[in-house]
Amino acid sequence: MFDIELLSVTKKYAGTEKAAVQGLCLSVEKGQILTLLGPSGCGKTTTLRLIAGFERPDQGKITLRDRVVSHRDSWIPPEKRDIGMVFQDYALFPHLNVIDNVGFGYRGTDKKGRVQEVLQVVNLQGFEKRFPHELSGGQQQRVALARALARKPVVILLDEPFSNLDAELRVQMRVEVKEIIKDAGATAVFVTHDQKDALAISDRIVVMKDGVIQQSGTPREIYQYPETPFVATFVGQSNLLPGQIGDDGQSVITEIGQVPCNHTHNLARGEKCYISIRPDSLEVDPEGSIVGKVKQWTYTGESIDAVVDTVTQKGTNQELLVHIHPEKIVQQGEILRFKVLPNFVAVLRSDREFS
Ligand SMILES: Nc1ncnc2c1ncn2[C@@H]1O[C@H](COP(=O)(O)OP(=O)(O)OP(=O)(O)O)[C@@H](O)[C@H]1O
């Protein structure tokens, strides 16, 4: 059962040349967290606002749990859509304490009981009398989430909810927010341009670019088997190379040699394609067939992130990003040999956009 369905939704703002979202189709199952991920201007916020009813589509149909909220002549306004919103800046009322912020707009019976219930869900018992300025960023975030959950909405929409948090709290809040949403059994759509947020919190990710969907799938599918060059480089780092499927059907012949891969998207032998090799898929090995010179490297603690210059079979230069085990001592200018591990190698169709 789907709680949210968008069918061929298009929205073009007045005075703009291109549609902000074009022919968007997506669905979210009950209890799932879906993330809209993409760079600035790709149409994520517009999609969220269309679901909330703050914008009206030019074309298409939007359904929220069996109720058509937007289609041709039918239109349900935002306040009647049964939606909870969590904004980037939390939008708490500074003059109201936690109880009053959470209970604001609640119209059901037993408001007091429900507020206590959600404060327990977000783990804020004991903070009832505090005002927003007496709370940390993470606590304010949980108050905003509690307010969104209080009315038991059909869906919760979260617009970049972690962008005002420092790096450490952000990592902690990803786990907490996911747990809270799951415990409440809520269906949620979450907007971010941060791939780590998306991979950590989502059941499914929709990667967008220029108002259209590039790929949708589970975090693992998106990371391990990107389908377009854009997805391969936007979600994680990647080395992209042109090639063609090898005669064994399980490798790709590229300018740096024959690369093994586990998944060829059913492309035929000899068919042209691109290949995405994650930096973790290149391993230092004295027997490896790829020879490269270390151009620069950075120690991150978890790995040594190196840029390596290789010479292709055509005699041209090809830079590769490589994550080397952090215990290895690496020198600039050093010549190393690498082999490719097939697990994070993805084949991309060559007819997909390359940018
Ligand atoms: N009210 C508006 N009027 C005109 N154009 C708009 C309006 N809102 C958004 N746009 C345009 O629509 C496109 C999509 O914008 P949108 O805010 O949905 O992108 P986004 O992916 O959420 O970006 P960001 O991450 O920067 O918030 C952009 O080109 C933007 O300039």
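Biologist: Hi! Are H4 and H5 roughly parallel or roughly perpendicular to each other?

Modeller: Hello! This is a predicted model, and in it the axes of H4 (residues 137-150) and H5 (residues 167-184) cross at roughly 20°. Angles under 35 degrees count as roughly parallel, so H4 and H5 are roughly parallel to each other.

Biologist: Within what distance do the axes of H4 and H5 come? And which hand is the crossing?

Modeller: The axes come within 11 Å, and the H4 and H5 crossing is right-handed.

Biologist: Nice. Which residues of H4 and H5 meet?

Modeller: From H4 there are Gly137, Gly138, Gln141, Leu145 and Leu149. Their partners in H5 are Leu169, Gln172, Met173, Val177, Ile180 and Ala184. By class, the H4 and H5 contact has seven nonpolar residues, four polar and no charged.

Biologist: Changing topic: what domains does the assignment give?

Modeller: Domain 1 covers 2-224, and domain 2 covers 229-349. Their C-alpha centres lie 37 Å apart.

Biologist: How many residues does the contact take from each domain?

Modeller: Nine residues come from domain 1 and seven from domain 2.

Biologist: Which elements supply the domain 1 side?

Modeller: Strands S10 (204-209) and S11 (212-217) and helix H7 (219-224) each supply at least two residues. H7 gives the most, with three. That side of domain 1 has four nonpolar, four polar and one charged residues.

Biologist: Last one: what does UniProt list for residues 4-235?

Modeller: The unreviewed UniProt entry lists "domain: ABC transporter" there. Over residues 4-235, the chain is 33% helix and 27% strand, with the end C-alpha atoms 25 Å apart.

Note on methods:
Residues numbered from 1 in each chain as written. Predicted model: local features only at pLDDT ≥ 70, side-chain atom pairs only at ≥ 80, totals over all residues. UniProt positions renumbered as here; feature names shortened; annotations may be inferred. Helix = DSSP H or I, 4+ residues; strand = E, 2+ residues; numbered from the N terminus. Domains from an automatic or database assignment. Contact = placed C-beta atoms within 7 Å. Nonpolar A, V, L, I, M, F, W, Y, C, P; charged D, E, K, R; others polar. Axes fitted to C-alpha atoms, helices over the stretch in contact; angles between N-to-C directions. Parallel < 35°, antiparallel > 145°, perpendicular 65-115°, else oblique. Left-handed = near helix turned anticlockwise from the far one by under 90°.
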